[in-house]
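Please look over the sequence and the three-dimensional structure below before reading on.

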Amino acid sequence: MNKIIVANWKMNPQSKFEVENILKGLSIFTKNLNNIDIIVCPPSPFVFIAGKVKNKKIVLGSQNVFYEKEGSFTGEVSVSMLKNLGVEYIIIGHSERRILGDTNDIVNKKILAVLKSKINPIFCIGESMRDMNGFYLSFIKEQIIEGLKGILKSQVKNIIFAYEPIWAIGSNAERGAVPQEFTEIRIYIKKIISDLYDIKTANIVRIIYGGSVNPLNAESFIKEGGADGLLVGRDSLNPKKFGAIINLVK
Ligand code: PGA
């Protein structure tokens, strides 16, 4: 299975000129790639332009979506609109969206809607802090169980699970996570999926890591942590740094 590297640009950059520059800057790093899927998730207004300037090795993604098909939902974007622009992956349940109101129930509705349209959800989970009693584990379990409600065994393999501990995300992060912390959760997610579905399904699903990924730690999450890929925020806006991450995974 190909490794996955997701660029989550968040609410950046501010102009289409910069979108073009970032994507052009990436082209030297994506030239001879065949064992990695690079998924770039620009802000919604830039999805179209990113689709125009990206190269063949880059796949389009979105940072969010609404679960209703169409109609009176001011400010929202539908799955078909994104699909129409060539989007193949959609991030769902990012902690920054959960803070803005995306509950487990909403996340579940979004995953269901996205799977129905044969797009791959990148399902984000992660705790805000770790405690000695391990309550964070039941928090993660609840996120997974509620997020996967009504999802069939045949559909789960199309979901990419992204473990993103909130305490390791962004420039205010307490600290970055270490590969062992990722491994622990990776095994835990597989156990939950095995209990919900079966071992075969648990073995197939891909689990990636996100939270302060940079050229210095990227390799360790793949090699030591066993990650199937990475979700990169800040460093995905800088083609040199993102390119270095791609090279390390390669
Ligand atoms: P970061 O963001 O790499 O800037 O920590 C990761 C994310 O929130 O997806």
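**The ligand and its surroundings**

An oxygen atom of the ligand lies 3.4 Å from an N or O atom in the side chain of asparagine 8, a polar contact in the sense of a pair of N or O atoms within 3.5 Å, where within protein one must be able to donate a hydrogen and the other to accept it, and residues adjacent in sequence count only if both atoms are side-chain atoms. The model is a predicted one, in which local features need pLDDT of at least 70, side-chain atom pairs count only at pLDDT 80 or more, and totals for chains, interfaces and linings use all residues. Residues are numbered from 1 along each chain as its sequence is written, and side-chain values use heavy atoms, with hydrogens and water left out.

The residues surrounding the ligand include Lys10, His94, Ile169 and Arg234, each having a heavy atom within 4 Å of it. By class, this shell divides into three nonpolar, six polar and three charged residues, where Ala, Val, Leu, Ile, Met, Phe, Trp, Tyr, Cys and Pro count as nonpolar, Asp, Glu, Lys and Arg as charged, and the others, Gly among them, as polar.

The structure holds zero disulfides, the cut-off being a pair of cysteine sulfur atoms within 2.5 Å. Cysteine 41 is in no disulfide, and the nearest cysteine sulfur, that of cysteine 124, is 9.4 Å away, which is too far for a bond. Cysteine 41 counts as buried at 0% relative accessibility (buried is under 20% relative accessible area, exposed over 50%, partly exposed in between, with a 1.4 Å probe and protein chains only), and cysteine 124 is likewise buried, at 2%.

Among the residues that line the largest cavity are Cys124 and Glu164, and this cavity holds about 40 Å³ of space. On a 1 Å grid over the protein atoms alone, a cavity is a set of points where a 1.4 Å probe fits but cannot get out, and lining residues have an atom within 4 Å of a point; grid points are joined across faces, edges and corners, and a volume is the space filled by probe spheres set on the points.

Conventions: On a 1 Å grid over the protein atoms alone, a cavity is a set of points where a 1.4 Å probe fits but cannot get out, and a pocket is an open set with protein on both sides within 12 Å along at least five of seven lines; lining residues have an atom within 4 Å of a point.
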